[in-house]
Every structure is written in structure tokens, then in C-alpha cells.
Amino acid sequence: MSLPLAQSDVTAPEWLPLHRVLRRAFPFLRPYRARVGMAVGLIFLWTGCNLGGPWLIKYAIDDGIRQGSLDELNLAIAGYVVLQLLAYCLHRGQVLTLSRVGESFLRDLRVHVFEHLQRLSMPFYDREKVGVLVSRMTSDVDSLQELVQTGLITVISASLLLALSGLVLTFTSPELMGICLLGVPGVILASIRFARRSRTTYTRVRDRVAGMLSRLQESVSGVRVIQAFAREPVEMSRFGSANTELYRAHMEATKLQAWYLPVIEIAGTGTTALVVAAGAYLVLDGVTTIGTVTFFILTLSNLFEPIQQFSQLFNQMQSAGAGLRKLFGLLDTKIDVPEAARPRELPTRGSIEVSNLAFRYAESGDWVLEDVSLRIEIGEKLALVGPTGAGKSTLAKLIARLYDPVEGAIAFAGIDLRDAELDSLRRRIVVVPQEGFLFNTRILDNVRIASPSASDEAVVRALSEIGVLERFEALPHGLATVVDERGSRLSAGEKQLISLARAALVDPAVLVLDETTSSLDPGTEALVERAMHKLMEGRTVIVIAHRLSTAEAADRVGVVARGGLLELGTHSDLVAREGFYASMYATWTRGLRSEEASSEPTPLPALH
């Protein structure tokens, strides 16, 4: 079911009061108003049954036992049994109805959070830890589980039971009701203190959970490095510290509960004792009857039991509120690369124009690129070279609009990329990363990631187009082979071939290649290079060249260094200029000659 993101002028910082956080969650319940209404009706009838039971006991004592009437006693007993059976059915109905509403709420909330995560751009993922984001979808949502399963029922049923019991008890015996009110001020003061301290405590618990999950995720992802360098003791120590912090946060919350819950219990039992004592005197004075005092004591549990339920519910609400603050904080995160209000579809072909571009990753950080301008014609092959960290990859990502420039503009076919429809932009400009990510599914489906609606025949054509179909069909299960997590069953070269096939399936106008062969062995590299050259035919190509042999084959070379586009021209022109590129090329060729010389066999010493 599609719902709005519950956006409002209310944000969710740590200090936001609990009632405002919960109020913001109400829009998620709107589709289920009919079910909630039905559940309220069931709860109202169930509350009537709960109040009717003690009244029938009063009737049995005063009109049956004291009057010696067996008929009145039997009538009271039969009525009590019927009421209890009816209460069971009503309670079962309300639990099922509200539990279904609560689980639907959680389902919708997970969908909203996941959809928002999918829309957030690369700058967000540069800032955030994966483990923290996982905790938002797991731990923070799970913190709402108990609240939505039992909390909705408790809020409605306890409120009705408390209000109706108070009215009935006041009407039955104003004197005894006055005694009950003696414990109320203490309960109110304890609740206020608990509310103030628990908000900070449960927020700290959520933070510690996120920290522990982040540490766990990092350790599992980097387990190969950890074992290769025997860092197990260090990682165990770091995880142990995060786990200890979580333990301390939970214990702080437990201590708070251990102080508050007994206060409510003492208030309830103390009030009951006072009512028994006062009721005995009133019976002896003839002011009331034994049945009335019995009715009052039994109904008194309906008065203090809701208060105790509210105290436990408040505990759940504080934990859930802390989780909701985190989730709403995530939902309020602005999208760094938003789609225009009236996006324009990009044409199938066009030149790329970069005008006075400037970019930095953080508002207060250093400029990565400044005053970059260039034009890439249709079908041109441009190689970007330069020192490590100079901004080559950043410029390529900006051209693919994975980031937006801080200053200047990038246009495709005369259309500013910020005005382009994102879906058409992703079809026109495709990035093939240095290491392709594979999902734990079939090869067919991994290629189809680029175009979910593509048929199996289209996937086969894409693999055939770049000349790698036979390679994958030769696997034991062919294209139905499941690659396992992160493609662990395939070689690095085969992973890269799947990335290239994804690009072929989309059939883009512009390819952005992050030197896809730089980390491959020579045997696999030749296969990937052949596939890459077939993919490049007839397309505009921007390649981040880690090897200058790639730059030699390009139509033009752009040298990214010193925070900008330092040189731009053909390979031969740049070498002839004897500038930065010529110096890089000379160093690279000397290195090649040195490698060739070192690879020659060394003569064996003469044997005497």
C-alpha cells in the first residue's frame, strides 16, 4: 500500500517530546481506521463485561447469600459465567484486530524507510555507516513491535476501563473513592520523574544498539583482512567495548524501571488495604453493605491495573519513541541529488558540456575540483588521467550525476542534468565501476539488475553482444548459476563481465568506465578488454585511466591535477607540449622498460 511519507513541519531531533513523535506516526494508521473503530467497539463491550462481573458478585452476596435466596444466587452465578465467556471472545477479537493493524503499520513503515534509503544519493552513503542504517531497519523498527502488538490494546482498553471504573466507583461509594484518591499525587509525581529520565535513557540505548551493529557489520565485511593480519583479538576487544556500552545503557534503563514500577504497585496495594479497613468500619456503622465493599475492592483492581499497565506501556512508549525519532530523522534526511519538479527526458544522443564546474564533498571541506570546463562530442573517447586523489573519479561521477556540482553546470544535449528525469539519465549515462557488485541470485538476474523488465532473451543478447555468452553458458548451471553473496563463486574477471553486460542491456549513449581491467590477471584482462571494446563501439566513452596505454588509445586525454582540468588534448599533442602529461608518460614508459629488463632471465653463474 502506498502512503505519504508522513512529512510535516515536525522534525524528529533527540529532544522532540514523545507525544509529538507518536502524533507524527498517526498518518500511517489512517488506512486502517475502520479496523481500529471495530476494535474500539469490541473493547467497549469487553470493558462492560469486566465491570459487570464484580456487580454480579455484589448481587450474589447482598441479594442471594444474605437474603438466603438460592434463585438469586444461581442467577448471579449463571450471569457471571456468561459474562466471562463473552469477555473471552471479545478480548480475542480485539487482540486479533489491533494486532493486524499494528503489524500493517510496521510493514508500511519498513517500506517507507527502505524506499527513502533507495532514493538517497551517494553523498548520504559517504557520510553514514552501513551498520547504523541496518539498525534503523531492524533494531529501531523492532523496538516498535511490542508497542504495536500490545500497546494499542492497552491504550484503548486501559483508558476506557479507568474512566468507567472511576465513574462507577464514585457513584457506588463516594467515601471509599475519596480514600482511593490519596495515592494519586505520588503516582503522578513518580510518572513525571520517570518521563524526564527515560527519554534520554532509551535514546542512549538506541544509539548503543546502532553502534554495536555497525561494529558487527564492519567486522563481518572485513573478516578476510582481519584474519590475514591476525587482528581477531583487536576486533574482539573493539566489539566487546561496544557490547559493554550497550549493556550499561540497558542496565540504566532497567534500574529506572526497577524504581518506577514498584511505586505503582505500592500505591495500588496500599490503597486496597485502606479501602478494606475503611469499608469494614462503614459496614459496621451500617453505612454500606458487605456486597458493596466487595464490589468496590474487586472493581478497584480495574482502577489500579490500568495505571500499572500505563506505567509498563510508558516504558514501551519511551523505547518505541526513541526508535521513531531515529526513523523520522532518517526520513527527514534531504535527498542530495533530487529530481526536478518538472523533469525533462534526455534524448537518446547528445554531447556533454561541463561549464565552470566546482565541487567539494563537505560544505566546509577543501575544493576537490574548481573551474572545470570541457565539451565531449558524440562518440568521442575521453581518458581522464592524473595522480591518485586528484579528482578523476569525482569528475566522472559528476558527469553521471551521482553528485551535483556546488558551482557550475553539466549538460547533456543542452539539458542541465539537474533538470533531467533521473530514470532517463540513468539509461543515457551508465557507470561501470572498477569492481562490480553482484547480488546473491542467478547470473541472469544479476545482469537484469540494469533493466528489471528485460526478458531472458534480452539478457542473452546483451551477453552475446559483448562476446561473453559462451563463457557463462559453460558453467555447470549456465546462466541459472547462483553467484552467492557478492559473487564469491565467480572470478574477478567474470564479475566485471557481468557489469559490462548490464551496461550493454541498457544500451546507453554514454559509458563511464573506471578502468575495469586495472585489478585483473593478464588472462582474464584480455577477455574483459575485448568485451569492453565491443561495448564502447558507437558510444561516447569517459574512462578513468590508471594505465597510460588506455590514454594512448583515446581520442583525447584530460589531465586532472591540482584541483582542476590541467591539460586537455590528444595523446600526441600532450606529449609534445612537454607538460604534466608528458612527464607522467615518460615516467610510465621508463617503468615499462624497467619491468621488461627485470623480466629477462638472469644468466646462471659458471660452474667450475
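A: The surface of the protein amounts to about 31200 Å², of which carbon and sulfur atoms supply 58%. The model is a predicted one, and every value here is computed from it. Buried residues account for 45% of the 608 in the protein. On the charged side, there are 62 positive and 66 negative side chains, and the centres of these two sets are 4 Å apart.

The fold consists of 21 helices and 10 strands. Its radius of gyration is 36 Å, whereas the globule rule gives 25 Å for 608 residues, so the protein is more spread out than a compact globule. The C-alpha trace spans about 125 × 60 × 50 Å along the principal axes. Among contacts with a separation of 6 or more, 77% join residues 24 or more positions apart.

Now to the part in question. In soluble globular proteins, nonpolar side chains tend to be buried together. Here the largest nonpolar core has 48 residues, and the members that touch the most others are L463, F472, L500 and Y581. The biggest contribution comes from helix α17, residues 492–506, which gives eight residues to this core. L500 can be followed through its contacts: beyond its neighbours within four places in sequence, L500 is in contact with V432, I466, V528, A531, M532 and L535. A separate core of 33 residues lies apart from this one, with L357, L374, L395 and L398 among its members.

Leaving out residues up to four places away in sequence, S165 touches L51, T299, N302 and L303.

R401 lies in the loop between α12 (392–399) and β4 (407–412). Its relative accessibility is 1%, so R401 counts as buried. The backbone of R401 has a positive phi of about 55°, although the residue is not a glycine. R562 also has a positive phi, near 55°, and is likewise a residue other than glycine. R562 sits in the loop between β9 (556–561) and β10 (564–569). There the relative accessible area is 70%, over the 50% limit, so R562 is exposed.

H91 belongs to helix α3, residues 70–119, and with 34% relative accessibility it counts as partly exposed. H91 is 52 residues from A39 in sequence, while their C-alpha atoms are 9.5 Å apart in space. V134 is in helix α5, residues 130–142. V134 is partly exposed, at a relative accessible area of 38%. V134 and Q217 are 83 residues apart along the chain, and 8.8 Å separates their C-alpha atoms.

Definitions and conventions. Residues numbered from 1 in each chain as written. Predicted model: local features only at pLDDT ≥ 70, side-chain atom pairs only at ≥ 80, totals over all residues. Heavy atoms only, no water. Helix = DSSP H or I, 4+ residues; strand = E, 2+ residues; numbered from the N terminus. Rg over C-alpha atoms; globule rule 2.2 N^0.38 Å. Buried < 20%, exposed > 50% of the residue type's maximum accessible area, 1.4 Å probe, protein only. Contact = heavy atoms within 4.5 Å. Areas by Shrake-Rupley, 256 points an atom, 1.4 Å probe, with all protein chains shown as cover. Lys, Arg positive; Asp, Glu negative; His and termini not counted. Charge placed at Lys NZ, Arg CZ, Asp CG, Glu CD. Core = buried A, V, L, I, M, F, W, Y, C linked by side-chain atoms within 4.5 Å.
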